[in-house]
Structure formats: structure tokens, C-alpha cells
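Let's walk through this one together, sheet by sheet and helix by helix. Have the model open in your viewer as you read.

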Amino acid sequence: IDTELIIKKSVTLKGNLLSIQGSEFDLTKYKKIKIVGFGKASPKAAKALESVLGNLISEGAMIGLEETDSVFIKTFAGSHPRPSKQNLLAGDLIRNIVDSSTEDDLIIAVVSGGGSALLCNSEFECDSILNLYDAFLEKGGQISEMNTIRKHLSDLKGGGLAKLAYPAT
């Protein structure tokens, strides 16, 4: 997949009107635009979103497998499928960005493949995921089963990020 091409086709800005796959947002209604993301495509998505929104972005953080030279969005090179300290640092920043949001903020979340392994928000979660991953390798569990357990170990996965973002758009 060409992440940058997909974002540039799906996200457009005309004046103060932001369009994301047909959904429109009048940016004059928001004090801040925040961008968060997790998954292998996140660093390229950060660059593409910056090319569309530029300095309209108030803050952002994304974790993928590499960092980029983004200006407004902090990118992290995390480890996959076993989380590391970088995953935890990125998860903490993503959580803080979303948690500090108000009803006057617009949050754009980018989620791509590998996101459930890359997003990690507490040492307990990271340690549990490491143990879980080792157990699944030994027993031959399926990724869908592992992702189900991951979301129950996390404050952010399985809808937790959306709950934390409320009342922001």
C-alpha cells in the first residue's frame, strides 16, 4: 500500500474545510487539531498529513517501525511484535495528547496494521503483552485471539482511545 498516496487522496483541505473520505470538518469550529497514530504505516501517514495540514496541527504523536523527520507530529520507532521502552514512551505521549483534549479539539487517529502490538500504555500492559506473545508462540494461538486479549489489557485499545478522547471530535 502507498500510505502517502492514500492519505493525499482521502484527506483534502480547501480553505477551512477539511474532508476525510467524504466526512467534512469546518476547522473554524476547533481550537486545536491533534493527530495520533499507531501501526506500521504511521510514520508515512504523519508525513502525508503534515503535507495537507501543515502548521494547522497543534500536536501529534505516532508510533511505527521508524521515525520520520516530521515537524508537527512526533514519531517513534517502536518494536514489533514485542513492545519496548519506545512503545511505552509513545503510548504515554499519545494518551496525554488525547486525554488533554477538550470539546473544542479535533483528533485525527491513524490506525494501521501492527497497531495493537505497537501501542502500549503501561509497564503492566507491555510486560503482559511480552508474556502473552511468548505463550502464543509456544501454544500456537491465532492473532485474532491475541488481539482480543491485548484490548482487555489496555486502557487505549478496543475503544479506550475513543472514550479517553471524549468530548473532542
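A bit of housekeeping first. This is a predicted model, so local features need pLDDT of at least 70, side-chain atom pairs count only at pLDDT 80 or more, and totals for chains, interfaces and linings use all residues. Residues are numbered from 1 along each chain as its sequence is written, and side-chain values use heavy atoms, with hydrogens and water left out. As for the element names, helices (H or I, at least four residues) and strands (E, at least two) are DSSP runs numbered from the N terminus.

Start with the four-stranded sheet. It is open, its strands come in the order β6-β5-β4-β7, and the pairing is parallel; two strands pair if DSSP finds at least two bridges between them. The edge places go to β6 (74-77) and β7 (105-111), and each has a single partner strand, so one side of each is left without a neighbour in the sheet. On average, neighbouring strands here are turned by 10° against each other, direction ignored. For this and the other angles below, axes are lines fitted to C-alpha atoms, for helices over the stretch in contact, and angles run from 0 to 180 degrees between N-to-C directions.

β4 (residues 32-38) runs parallel to β5 (residues 57-64), with six bridges joining them. Among the residues involved, Lys34 has Glu59 in β5 as its bridge partner. With β7, β4 pairs over seven bridges, again in the parallel sense. There, Lys32 stands opposite Asp105 in β7. Although β7 sits at an edge, five of its seven residues are buried, where buried means under 20% relative accessible area, exposed means over 50%, and partly exposed is in between (1.4 Å probe, protein chains only).

Which helices lie against this sheet? α2 lies across β4, β5, β6 and β7, running at about 160° to β5. Helix α3 (residues 85-99) packs on the sheet too, touching β4, β5, β6 and β7, and its direction makes about 150° with that of β5. Contact here means heavy atoms within 4.5 Å.Staying with α3, its 15 residues reach 21 Å from first C-alpha to last, close to the 21 Å expected at 1.5 Å a residue; the expected span of a helix is 1.5 Å times one less than its number of residues. Asn87, Leu88, Ala90, Gly91, Ile94, Ile97 and Val98 of α3 are buried. Asn96 is also in α3, but at 48% relative accessibility it counts as partly exposed.

Four bridges join β2 (residues 17-20) to its antiparallel partner β3, and Leu18 stands opposite Phe25 in β3.

The axes of α1 (residues 3-10) and α2 (residues 42-53) come within 8 Å and cross at roughly 35°. The crossing is right-handed, a label used if the near helix is turned clockwise from the far one by less than a right angle, with left-handed for anticlockwise. From α1, the contact takes in Thr3, Glu4, Ile7 and Lys8, and they meet Lys44, Ala45, Lys47, Ala48, Leu49 and Ser51 in α2. Those residues divide into four nonpolar, two polar and four charged. In that count, Ala, Val, Leu, Ile, Met, Phe, Trp, Tyr, Cys and Pro are nonpolar, Asp, Glu, Lys and Arg are charged, and the others, Gly among them, are polar.

One last stop is Glu145, found in helix α6 (residues 143-153). Glu145 is partly exposed, with a relative accessible area of 40%. Its C-alpha atom is separated by 15 Å from that of Ser128, 17 residues apart along the chain.
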